[in-house]
Amino acid sequence: MPKPPTNSIQNRRRFRSRDEQIRVNERIRAPKVRVITASGEQLGIMYTREALEKAKAVGLDLVEVAPNADPPVCRVIDYGKYKYQQSKLQKGSKSRAVRMKEVKLRIGTDVNDYNVKMSHSESFLDHGHKVRFHLRFRGRENAHQELGIELLQKVAGDLRTMGQIDQQPRLAGNTASMVLSPLPAQQRVKKFTRYDDDFDAESEEFDVEE
């Protein structure tokens, strides 16, 4: 029996690997997941088996949209429509200009101010913008610049359901910076929405050139 052309085998492997990146229904491996409906309503954490039964009961699929979250986030949606929307988003993103927003941080930022900044960062990422986090060391802070890197790493962890690291945290003189780029729209899950109204005008974020 003749062997299929090498290019044909490579193409099948490529398409198979793309499909395997998104786990659907019985292919979801996590024992528990955080479930969100198609309209964005959060149903909470439940056993994957129970979530799958809920999805099937309404004639929809259970789609893992944020596999790196703890626990993974799944949406109850029509998988065929989901793939179509993802395809449209990818095509649209190629023609849409990406803006860069900058968020300033400082060592010792109080919890409420930090949460407000994370909320606005989520909003920027949700609009498809990259976000640069900028931190300047002052006085004695220069002797403990590792604290700045730790703060940026905390930011990356807190925003992991909205963005991914585009530029790793790095030091340059008396400053530290990091850039996050948005996750695909269907994978984004906000965690700081309760702080949307607490905006400090003196620390307003702004556009910067890449």
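Author: K154 is partly exposed, with a relative accessible area of 42%. The term follows a scale on which buried means under 20% relative accessible area, exposed means over 50%, and partly exposed lies in between (1.4 Å probe, protein chains only). This is a predicted model, in which local features need pLDDT of at least 70 and side-chain atom pairs count only at pLDDT 80 or more, while totals for chains, interfaces and linings use all residues. Residues are numbered from 1 along each chain as its sequence is written, and side-chain values use heavy atoms, with hydrogens and water left out.

Reader: With which residue does K154 form a salt bridge?

Author: Side chains of opposite charge can pair when their charged atoms come close. A salt bridge is counted when a side-chain nitrogen of Lys or Arg is within 4 Å of a carboxyl oxygen of Asp or Glu. Here K154 pairs with D158, and their closest N and O atoms are 3.2 Å apart. Because the two are 4 residues apart in helix 5, about one helical turn separates D158 and K154. D158 counts as buried, at 16% relative accessibility. Helices (H or I, at least four residues) and strands (E, at least two) are DSSP runs, numbered from the N terminus.

Reader: How many salt bridges does this rule give?

Author: The count comes to 8. One of them joins the side chains of R132 and E102, at 3.9 Å from N to O. This pair links distant parts of the chain, 30 residues apart: R132 is in strand 6 (residues 130–136) and E102 in strand 5 (residues 100–105). R132 is partly exposed at 23%, whereas E102 is buried at 9%. D113 and R106 also meet through their side chains, at 3.7 Å from N to O.

Reader: Is T161 buried or exposed?

Author: T161 is buried, with a relative accessible area of 7%. Its place is in the loop between helix 5 (146–158) and strand 7 (163–172).

Reader: Which residues are in contact with T161, leaving aside its neighbours within four places in sequence?

Author: Contact means heavy atoms within 4.5 Å. By that reading, T161 touches A69, L183, Q187, R188, V189 and K191. For V189, the backbone oxygen lies 2.6 Å from a polar atom of the T161 side chain.

Terms used:
Polar contact = N/O pair within 3.5 Å; in protein donor to acceptor, adjacent residues only side chain to side chain.
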